[in-house]
Amino acid sequence: MKVPPGVSPADFAEAIKQFEDAVGKDWVFTADEDVALYRDPYSPFLGEPEELLASAAVAPDGVEQVQAVVRIANQYKIPIYPVSTGKNLGYGGSAPVFSGSVVLDLKRMNRILEVNEESAYALVEPGVSYFDLYRYIQEKGLKLWVDVPDPGWGSPVGNALDRGGGYLMAQYRNHFDSHCGMEVVLANGEIIRTGMGAMPGAKTWQEYKSGFGPWVDGIFSQSNFGVVTKMGFWLMPEPEAYLSGTVMLSRHADLIPMVKILNYLENTRVTNGMPDLGSPLLQIPMIAEIDVFNRGDGPPPPDAELAGLLAKSDAGYSPELEQYALKKGISYWSCKLSFYGAPKANEANWAFAKEKFSAISGARFVEGESYKLPLTPDQREKVHKPQFGIPSLTMFSIGARSPVNPTPTNGHMWFSPIIPRTGEAIIEANRVFNEAAKEFGIPALAFSLPSCYWERAFIFIFAFPVTRDVETNKKNRAAFKKLVQRAAEHGWGEYRTAPAYQDTIMNTYGYNNHSLLRFHETLKDAVDPNGILSAGRYGIWPKHLRKSNA
């Protein structure tokens, strides 16, 4: 049994015994084969001494047991690392940031405490998965949708605290923004409830977010200031109908007005689902097409002429490539819009969107899906499920072995910079990242289009491969860190990352001599003076570990 750094074997043995008394012997895991289940299967340190590993795991069944575990950890200064379901592959899984920590596994806390159809909210524990909540709503026949990420096997609480995103109406897609009220166990074992939940007997805990006084909920996202044991979420009432339509544009320069018009339509709520960008010419599928793109034999390969033009293009463009597209009638860009609401309203909004996009010469429009809701069983099998609040695992087709991907890697780490919502920024970012890839000695990144999970900004999501070759992983880690720095030099910050890179990314948020991080550290020292909770998570280290990780 591995002992956490800085903890004596005798103290650790006594803490383990007390954990067993608190939660039951069957729910404290110290055997190597059990603890190995908490390794990050996508770790970029596979086979290296630096791999982040747990020393043990403990799985409480309720908030009182969480309190007991935290108090024991405080007594013996045992570092603990809470996870909800530990399913955030590509961002660290369930492995701790500080190797040797005890994983506080909250999967047993899987109670759906309330779902209110009239007010459209849910209150859940951290072990509730998206599949659990979806099935509950279906079994009860409730007219509510859950905004789910892709893949959808994690938990609403865990995904929201890591600030993940989804596909439905804009007010639900940012999962932390759509939460309302939480219960938190602090490092000393005390419970607080945020928002209206701070009032005993409150009737609007999941209906009014901020309560009275400072709104503190944000400090518990991407942090290590407490253990969230309950969380409320606003759910999307099932709309009457769904409609989609796709805008097809012919020229490279059309990207810039396309994004401007898209932003106007989304910011004024003419289109209220997640926009989806693609490029038929550059063979970039839209997100809703990815599983089809990777299924079977994949898309037809480009003809020899197009393949040659693509190879010679600069950041996805050359005059010859554009002429080829015009000659063949292949669209340079595609933008799928989604509309949820009354059928007549959807049709009117799509008509208005077409009117706006018609200002771009040569714009064409493709009528898409049109459904009266709820979907039939047959329709559910045909659609991109997350766009209808249905959790799915088909996104794993990206990395699966297939004719498109005959030699899959051992996993990936996500490089996820946020850039401005402009066509110019898309082109600039592609140029910067391609030049950086060549400079850092890694394969050039294909021209990519960002995703539209959030309003007002784009996010790029690049998968850095994880292999079983130590030297390759070392090279990729070094390149990842250099790309993070290069992005920061252009004002593009990462929104989330795996433990291997959290210090690197936090270091790029360096305004005023890293005043934000220093404020985080001030909070950490105040609420967790022994530094037991998730040491190092998102670059926030307790005082006794700070120097070695600065």
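Select residues 511-527 of this predicted model, which form helix 16, a run of 17 residues that reaches 24 Å from its first C-alpha to its last, close to the 24 Å expected at 1.5 Å a residue. Then centre the view on Arg518, where helix 16 has a kink of about 30 degrees.

For the next stop, select residues 255-267, which are helix 7, together with residues 423-440, which are helix 13, and look at how their axes come within 7 Å and cross at roughly 130 degrees. An angle of that kind makes helix 7 oblique to helix 13. To see the contact itself, display Leu255, Ile256 and Val259 on helix 7, and on the side of helix 13 display Gly423, Glu424, Ile426 and Ile427.

The last stop concerns the cysteines. How many disulfides does the structure hold? The structure holds zero disulfides. Select Cys452, which takes part in no disulfide, and draw a distance to the sulfur of Cys335, which is the nearest cysteine sulfur and lies 6.8 Å away; a disulfide would require the two sulfur atoms to be within 2.5 Å. Is Cys452 buried or exposed? Cys452 is buried, having a relative accessible area of 1%. Finally, move to Cys180, which is likewise buried, with a relative accessible area of 1%.

Notes. Residues are numbered from 1 along each chain as its sequence is written. This is a predicted model: local features need pLDDT of at least 70, side-chain atom pairs count only at pLDDT 80 or more; totals for chains, interfaces and linings use all residues. Side-chain values use heavy atoms; hydrogens and water are left out. Buried means under 20% relative accessible area, exposed over 50%, partly exposed in between (1.4 Å probe, protein chains only). Helices (H or I, at least four residues) and strands (E, at least two) are DSSP runs, numbered from the N terminus. The expected span of a helix is 1.5 Å times one less than its number of residues. The bend at a residue is the angle between axes fitted to the seven residues ending there and the seven starting there. Axes are lines fitted to C-alpha atoms, for helices over the stretch in contact, and angles run from 0 to 180 degrees between N-to-C directions. Angles under 35 degrees count as roughly parallel, over 145 as roughly antiparallel, 65 to 115 as roughly perpendicular and the rest as oblique. Contact means heavy atoms within 4.5 Å.
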